[in-house]
Amino acid sequence: MLDIHRHLPLTGESPIPEDWIVWFATSSSQEWDDCQTTPATSARRIGYGILPVNIARLNPSTDGWDMLFERLSHKLSQECWAYVGEFGIDERYQDVISLSRQLDFARQLLRIAQAAHRPAVIHHVGSAGDLRKLLQGMEHSIPVIIHGFLGSIESARELASSGAVVSLAPSVWKLPTKLAKRLGELDVPFLLESDFTGKEDRDYAGLMRDHHRRIAELLGCEKTLLEEKLHGFTKVLAHQPIAR
Ligand SMILES: [Zn+2]
């Protein structure tokens, strides 16, 4: 099983099945330090990211943007299985940090990911236009993943043609969504994620298994076929870090 996006392991959490590939994400610079004890491997990758709401909380004298960008680049140069994520655009927080500042920050993180030749996992809540602005002019030498995708089939296709891959979280089926109704029409590569934070009312492995079953139902395909499809794509994502 491949989980392309979840949050850091919690103390006391039941162990993650060993053969699963899991990409852990962080969403604030404080969390970056929490990962130091868990070395990243090809099957347990660790992402360094900051969500817009947490950019607004940075203290400019101790945590200025430039200092953070440097810290991030340094981490990527030291840890070959690290990636950049999650970061992005969230219009719910534009009162706290304007969309143009969010975009500036996200563009810079994308540049850092590109320079280090590492995948980028993007969080996006808002108009498809804002996401387009962020991805505009990107050279797609790295995997770019749009996590927790809830947009339309048309925007999934548009993202695919711009080189990005959408990732589906349980949010697709937890509440009735437009995307769930049309999921059978999804004809571009996609990934699955739990977006597990520990606040869920169930265990991690159970949630992932349910997620696969629900997505297979919505796609109208056998669970085994879904796993085969994702397995093929896992290979695409076995993006090897470049020695520096
Ligand atoms: Zn998340």
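Me: How many of the five residues of S3 are buried, and how is that read?

Reply: A residue is buried if 20 or more other C-beta atoms lie within 10 Å of its own, exposed if 12 or fewer, and partly exposed in between, with C-beta atoms placed from the backbone. By that count four of the five residues of S3 are buried, so the strand is largely enclosed by the rest of the structure. This is a predicted model, where local features need pLDDT of at least 70 and side-chain atom pairs count only at pLDDT 80 or more, while totals for chains, interfaces and linings use all residues. Residues are numbered from 1 along each chain as its sequence is written.

Me: What does the name S3 stand for, and how many bridges join S2 to S3?

Reply: Helices (H or I, at least four residues) and strands (E, at least two) are DSSP runs, numbered from the N terminus. Strands count as paired if DSSP finds at least two bridges between them. Here S2 (residues 21–25) and S3 (residues 44–48) run parallel and are joined by three bridges. Tryptophan 23 stands opposite arginine 45 in S3, and phenylalanine 24 has isoleucine 46 as its bridge partner in S3.

Me: Which residue of S4 is the bridge partner of isoleucine 46?

Reply: The partner of isoleucine 46 in S4 is alanine 82. S3 and S4 run parallel, with three bridges between them. S4 then pairs with S5 in the parallel sense over six bridges; within that pairing, glycine 85 has valine 121 in S5 as its partner. Eight of the nine residues of S4 are buried, so this strand is also largely enclosed by the rest of the structure.

Me: Which residues touch the most other members of the largest nonpolar core?

Reply: In soluble globular proteins, nonpolar side chains tend to be buried together. A nonpolar core here is a set of buried Ala, Val, Leu, Ile, Met, Phe, Trp, Tyr and Cys residues joined through C-beta atoms within 7 Å. The largest core has 51 residues, and Val84, Leu109, Ala113, Ala120, Ile145, Val166 and Leu168 touch the most other members. H4 gives the most to this core, with seven residues. At least three residues of the core come from each of domain 1 and domain 2.

Me: What are the bounds of domain 1 and domain 2?

Reply: Such bounds come from an automatic or database domain assignment. It gives domain 1 (27–41 + 51–133) and domain 2 (143–238). Their C-alpha centres lie 23 Å apart. Eight residues of domain 1 are in contact with eight residues of domain 2. On the side of domain 1 that touches domain 2, the largest share, five residues, comes from S5 (residues 120–125).

Me: Where in the backbone is there a cis peptide bond or a positive phi?

Reply: The peptide bond from glycine 85 to glutamate 86 is cis, with omega near 5 degrees, and glutamate 86 is found in S4. Histidine 117, a residue other than glycine, has a positive phi near 60 degrees. Histidine 117 is placed in the loop between H4 and S5, and counts as partly exposed because it has 14 C-beta neighbours inside 10 Å. Aspartate 195 has a positive phi of about 50 degrees and is found in the loop between S8 and H9 (204–219). With 22 other C-beta atoms within 10 Å, aspartate 195 is buried.

Conventions: Contact = placed C-beta atoms within 7 Å.
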